[in-house]
Amino acid sequence: LTPHLTRARRTALETLVALRRGKLLVAQGKDRTAIRVLQPIVSIGSTSALGGQRIGYQAEAWWLLARAHEKISEWDQAAYAYDQAAELRNDDPQLRFKAAQAWAETGRNNFALIRMEQDKVQRPETDIRRWSQLTMAQLRRQISLPPEQRNWIAIDRQFADAPAKIKDQWQ
């Protein structure tokens, strides 16, 4: 890099290069290498020279990390990374849904259910895939409880509140 760049600009450029390299590695299926490249980006502290760009870079790095972990079935790490990306980019409800799917893969149904409920609040319009995932998470939650603690009201309400479009598809 040229010597006339300020420390802040050099750091931003190096981070951007690492981010693009990580994105390319994920696209090429070199997920473990991508994880090693992206990990330092999400570890950047709030006092870094990146300033306002830090959050955008970290959000994208968390999203890429989540995709890489998901592709190699490291569901705990994928779920955590999707959660971190969603925190930084709370205007993207798809991240909550992806986190919910990853948490469901880990068997942590409570986390999956919470993320799906958050997704439902952020995106009240429902498609059959999201509706069925939420319903399945609620069902798994109830099945995991002892019979005397089960409460089917949430599932009954889910079926009752399903839009007509979904009811038609479901049948």
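Reply: Helices α1 and α2 are roughly antiparallel to each other, a label given to angles over 145 degrees. The model is predicted: local features need pLDDT of at least 70, side-chain atom pairs count only at pLDDT 80 or more, and totals for chains, interfaces and linings use all residues. Residues are numbered from 1 along each chain as its sequence is written, and side-chain values use heavy atoms, with hydrogens and water left out.

Two packed helices are described by the angle between their axes and the distance between the axes. For α1 (residues 7–27) and α2 (residues 31–42), the angle is about 155 degrees and the axes lie 8 Å apart. Axes are lines fitted to C-alpha atoms over the stretch in contact, and angles run from 0 to 180 degrees between N-to-C directions. Helices are DSSP runs (H or I, at least four residues), numbered from the N terminus.

α1 passes α2 in a left-handed crossing; that is, the near helix is turned anticlockwise from the far one by less than a right angle. Contact means heavy atoms within 4.5 Å. From α1, Thr-15, Ala-18, Leu-19, Arg-21, Gly-22, Leu-25 and Val-26 take part. From α2 come Asp-31, Thr-33, Ala-34, Val-37, Leu-38 and Ile-41. By class, the contact has eight nonpolar, three polar and two charged residues. Ala, Val, Leu, Ile, Met, Phe, Trp, Tyr, Cys and Pro count as nonpolar; Asp, Glu, Lys and Arg as charged; the others, Gly among them, as polar.

Elsewhere, Gln-142 sits in helix α7 (residues 128–144). Gln-142 is buried, with a relative accessible area of 11%, where buried means under 20% (1.4 Å probe, protein chains only).

Note on methods. Helix = DSSP H or I, 4+ residues; strand = E, 2+ residues; numbered from the N terminus. Buried < 20%, exposed > 50% of the residue type's maximum accessible area, 1.4 Å probe, protein only. Parallel < 35°, antiparallel > 145°, perpendicular 65-115°, else oblique.
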